[in-house]
Amino acid sequence: MMKWIPVVLALFLAACSSDGKKTYYQLPTVNSSAPVALVSTGGGLTPTVEQPKLWISQVSVADFLGTSGLVYQTNDVQYVMAANNLWASPLDQQLQQTLQTYLGRSLPGWVISGQQASDGKQEQLAVNVTGFHGRYDGRALISGTWTLTRDGQVTQHNFNIELKQQKDGYDALVRTLASGWQQEANSIAAQIR
């Protein structure tokens, strides 16, 4: 009987230390639809024929960011994936959706899409995110590379953004990461123009 007491005590302490309450996070965005340029043809409004097009072919994340939990770097070599502070949908999807929104806002008159155009006449953007997490010193890190294919020419750009969180906690971390992602989207838009 005595040998079961430590096991029962350990289970009890584990249950008490974790209330099991899960919190889900979604990256905030402004307007979810990109503007479409319209011209009058006398019989109503139709989309402009020769709008420049950008296909966001992929936004991928490093394996350690592909978990459902938010990631926090505890020192120079250790990372923790949160068990109760989770992404509401996969991070790569959230990054692609918000990138499409931000580029649509920054590139008025462009058609920004997650699908390839049927005529194949568009620029192509691929993004690989290698850092999108909080760090022990109160900073949020956003890093990676993006590749733009335009008229058969490929250019690659690295990005590495560090932003100081204004407050502690996961809410502030997600808002800071979203701000950094918007900053990088604006940088991408400036290069595309």
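A crossing of two helices is left-handed if the near helix is turned anticlockwise from the far one by less than a right angle, and right-handed if it is turned clockwise. In the predicted model described here, H2 passes H3 in a right-handed crossing. Because the model is predicted, local features need pLDDT of at least 70 and side-chain atom pairs count only at pLDDT 80 or more, whereas totals for chains, interfaces and linings use all residues. Residues are numbered from 1 along each chain as its sequence is written, and side-chain values use heavy atoms, with hydrogens and water left out.

**Overall architecture**

- The protein holds three helices and ten strands, where helices (H or I, at least four residues) and strands (E, at least two) are DSSP runs numbered from the N terminus.
- Along the sequence, these elements follow the pattern α-β-β-β-β-β-β-α-β-β-β-β-α.
- Of the 193 residues in the protein, 34% are buried; buried means under 20% relative accessible area, exposed means over 50%, and partly exposed lies in between (1.4 Å probe, protein chains only).
- The accessible surface comes to about 11,400 Å², and 53% of this surface belongs to carbon and sulfur atoms; such areas come from the Shrake-Rupley method with a 1.4 Å probe, and for residues only the protein chains shown count as cover.
- Among the contacts with a separation of 6 or more, 64% are between residues 24 or more positions apart, a contact being heavy atoms within 4.5 Å.

**Packing of H2 on H3**

- The axes of helix H2 (residues 91–106) and helix H3 (residues 170–192) come within 9 Å and cross at roughly 50°, which makes H2 oblique to H3.
- Axes are lines fitted to C-alpha atoms, for helices over the stretch in contact, and angles run from 0 to 180 degrees between N-to-C directions; those under 35 degrees count as roughly parallel, over 145 as roughly antiparallel, 65 to 115 as roughly perpendicular and the rest as oblique.
- From H2, the residues Leu-95, Thr-98, Leu-99, Tyr-102, Leu-103, Arg-105 and Ser-106 meet Ala-178, Trp-181, Gln-182, Ala-185, Asn-186, Ile-188 and Ala-189 of H3.
- The residues of this contact divide into nine nonpolar, four polar and one charged, with Ala, Val, Leu, Ile, Met, Phe, Trp, Tyr, Cys and Pro counted as nonpolar, Asp, Glu, Lys and Arg as charged, and the others, Gly among them, as polar.

- Ala-178, found in helix H3, is buried at 6% relative accessibility, and its C-alpha atom lies 6.6 Å from that of Pro-28, 150 residues apart in sequence.
- Leaving aside residues up to four places away in sequence, Ala-178 touches Leu-27, Pro-28 and Tyr-102.
- Val-127 lies in strand S8 (residues 123–135) and is buried, with a relative accessible area of 1%; its C-alpha atom is separated by 4.2 Å from that of Trp-146, 19 residues apart along the chain.
- The residues that Val-127 touches, not counting those up to four places away in sequence, include Gln-58, Leu-99, Phe-159 and Trp-181.
- Thr-23, in strand S1 (residues 23–25), is partly exposed at a relative accessible area of 26%, and its C-alpha atom is 4.9 Å from that of Asn-85, 62 residues apart along the chain.

**Backbone at Asp-151**

- Most residues other than glycine have a negative phi.
- Asp-151 has a positive phi of about 50° although it is not a glycine.
- Asp-151 lies in the loop between strand S9 (139–150) and strand S10 (153–164), and counts as exposed at 78% relative accessibility.
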